[in-house]
Amino acid sequence: NRSSDLDLGKLGKKFVCCPYYAAKTLKGRADIVFMPYNYLVDAKSRKAQGVELEGNVVIFDEAHNIESMCEESMSFQLLSSDLALCIKEITHAAELKQQKETEAAAGVEGVDPDFTLLDVAKIKAILLALEKYVDELLMQMNGDSTTKSGDFMFTMLREAGVSRQNKDDLMDLLDKIVSFLEVNAVGAFSPRGTGLNRFITILSSLYSVEGEGLSVELIFKTKFKVHIQKDVNKKKKGPQDVWTVPSTSAKKLDWCLNCWCFSPSVSMDNLLRQGARCIILTSGTLSPLSSFASELGIPFPVQLENPHVIKEEQIYVSVLSNGYDGQVLNCTYENRNNPAYLASLGRTLCNLCRIIPGGVLLFFPSYAVMKNFVETWTSNGTMTSLALVKPTVMEVQRSTDFSSLIQEYCENVDSPEKKGCLLMAVCRGRMSEGMDFTDQYARAAIIVGFPLPPCFDPRVQLKKQYLDESPSCKVFSGNDWYVLQATRAVNQAVGRVIRHQRDFGAILFCDRRYSEPRNLSQLSKWVKEKAKLRSSFSVVLKELSAFFKAAGASNESNTAAVKMLGGSRNAFGIPSKESTPNFRNLTFTGQPVADNDENVLKTYRANKVTERQSQSQDRSRQGRSLFDVLNSSSQSKAADFCTVRKINFRSTDEDQTREQYMQNAKKRKLFVPLKGIGPPQCSAICDGAGTSSAKCSDSSKDVWKSVLASLKKSLNDTDYNRVCINMKSYLRNNDSDALAQSLGHSLLDAPDRDELLACLAKVVSSSQREDFVAKCRAHW
């Protein structure tokens, strides 16, 4: 049987079993097994999951992350709080052990742990020695941090009494103590061996490297770095109690010990030793392949780099060096706060968004830069202009409401106004990797800045230093790696535009640094081959306008998208809404930025059916009941975006703001004729005594008021509320059978039920009214 993860989840709920352990059991008989990276590259996870690679084919999809994943699997971190927790837990284990021995001496039955108090004392002595060793090292430090070679870890462990000869016995003993603590844990706050488990993981990472004797320490010395930083967990002092005497004892320093691996070859070489038949790495952003293969440190005899499946006329790529006013676009650290640059960039983006149809993805180097730019643009009115051109949505760092953000973006793109939407996101963020923005959901990707890693991060600095000191530094230096991290993030971001063979879109690099040969050469092959270096903003506008005219005229991608999505769901599986969505966008204040006098822009806007024509069409529809009219909503028909027009975001009166114009607009009432209910005829209305009297009303509204009043007199509160609820439900789902069943039960004991039913049946269309009345009376 072909089962997916979702099917296993449903089966687990049905048969009350764990789908995770079911998958672990079934993998032994499977032909293809899917798993995360760390299950393969991490020796500890591979052993725990029982993954056997000998004779098998290993395929890494989206392999551009394999380098960082390999380094992360061999790295670890030890905090002073972790070591303090280990000492606390081992002390608690000693107390429990002593308690168990006392109970056993008193004749109380219990399970005797498979270790002695002497064993626990040895473990505690090792932990205390480690803590003392690091504390003494911190006292000798001049600054806040220090860096050691990777073999420092073995030196430190030897000083504490841990060596390769006794590490297996030590880890077995720690496992027994952790199990003992878990079994005897009482309450939520009882120690359960969390810190000791962390210490076991660190020891496993250190000794999982393949090699014998000094060769392992040599690997750590050349390919690892230990970075120790103090006061990383230092908290701000709160309000002090004046009634207490301050402690004179010296407080221990908080510290963080990081053991970082800087060569993915350590993990890949370990993987190669497992006897895999073949290792295949695939991704659209592995360029350049030569440096990527040299970093991994294993031979790749077969290398394949294919062109894109799309045609040349389906993609437009341009490097824009100058803004609309000639200002140089350069988002360096020194220039990103320049008011002239920010104003020019914001206005340039506004003009570009007027030409680009559908959704636009705007990628920034980091969340901090995006926040700074948005705040500046909000204050100078640029965000107001952008919001008028396209509704604007912004990705939030560590947001838990990710699905609603995607849904809001898709609703804006699918809205009848056909304005599209602008999504502000970050390179290396959730929006830039793995997201499938098909067709109109990403007609363009605009890259602002160059997403270099933080240069003052100790790990980044040590990585560059490691590469500069390596024998292959002339081929691939630390600075080459530093720039490559940025271009790989950019390659991932621009890959959101083209998602299938008939898709089309534009890629715009709004930074002059992309025109440099070194940076341009590291872009994906299909991007750099089509990139056009432009310093004139007007030339880019002209080319971009011609590109979308030609692409929109064919409109092949839109037709394919409708067939693929079934016309009801977008690329993310979210149902499309034809009505105008409830925008939860950024709120901007201030006046829009004035248009440039020499505005060469040509924009596209859909022609709408006017409100008066829509109302006229509604009135002209015949054979509809009152509730059919109330539930109907006119949908505007939009022409293709290739209809060339200049968008006018001003109100009809230049002296009035939009709010004033809406306040002064004349209010109109729409009178809808009621089918089957009207004053020309007399309707039988029941009075409270059970008799009926003929009443003629001047309007259908008075008739219905009389019907509801009589209904309330004849029924009790429960039945009356039930009738009202069922009538509202009928308006939503148009289910006459359910309404007939409900009214039949509610009017069963009413003395004037025939007259009431005759009045209430008028909500149903005349073609169904006779059957509806018969179904109601069938319950009597």
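**Where helices and loops meet**

Modeller: In helix α9, the residues Leu170, Met171, Leu174, Asp175, Ile177, Val178, Leu181 and Glu182 make contact (heavy atoms within 4.5 Å) with Leu196, Asn197, Phe199, Ile200, Leu203 and Ser204 of helix α10. These contact residues divide into ten nonpolar, two polar and two charged (Ala, Val, Leu, Ile, Met, Phe, Trp, Tyr, Cys and Pro count as nonpolar, Asp, Glu, Lys and Arg as charged, the others, Gly among them, as polar). The model is predicted, with local features needing pLDDT of at least 70 and side-chain atom pairs 80 or more, while totals for chains, interfaces and linings use all residues. Numbering starts from 1 along each chain as its sequence is written, and side-chain values use heavy atoms, without hydrogens and water.

Helix α9 covers residues 167–183 and helix α10 residues 194–206, and the two pack at about 160 degrees with their axes 10 Å apart. At that angle, α9 is roughly antiparallel to α10 (over 145 degrees; under 35 is roughly parallel, 65 to 115 roughly perpendicular, the rest oblique). In passing α10, α9 makes a left-handed crossing.

Another pair is helix α7 (residues 117–140) and helix α8 (residues 152–160), whose axes come within 8 Å and cross at roughly 125 degrees. That angle makes α7 oblique to α8. Here α7 passes α8 in a right-handed crossing. On the α7 side the contact is made by Ile126, Ala129, Leu130, Tyr133, Val134 and Leu137, and on the α8 side by Phe152, Thr155, Met156, Leu157, Glu159 and Ala160. By class, this contact of α7 with α8 has ten nonpolar, one polar and one charged residues.

Parts of the chain also meet through salt bridges (a side-chain nitrogen of Lys or Arg within 4 Å of a carboxyl oxygen of Asp or Glu), of which the structure holds 16. Glutamate 67 pairs in this way with arginine 488, the closest N and O atoms being 3.0 Å apart. The pair links distant parts of the chain, since glutamate 67 is in helix α5 (residues 66–73) and arginine 488 in helix α19 (residues 478–494), 421 residues apart. Both glutamate 67 and arginine 488 are buried (under 20% relative accessible area).

Aspartate 503 and arginine 443 also meet in a salt bridge, at 3.0 Å from N to O. Aspartate 503 lies in the loop between α19 and β12, and arginine 443 in the loop between β10 and β11, so the pair ties together parts 60 residues apart in sequence. Aspartate 503 is buried, as is arginine 443.

Terms used
Axes fitted to C-alpha atoms, helices over the stretch in contact; angles between N-to-C directions. Helix = DSSP H or I, 4+ residues; strand = E, 2+ residues; numbered from the N terminus. Left-handed = near helix turned anticlockwise from the far one by under 90°. Buried < 20%, exposed > 50% of the residue type's maximum accessible area, 1.4 Å probe, protein only.
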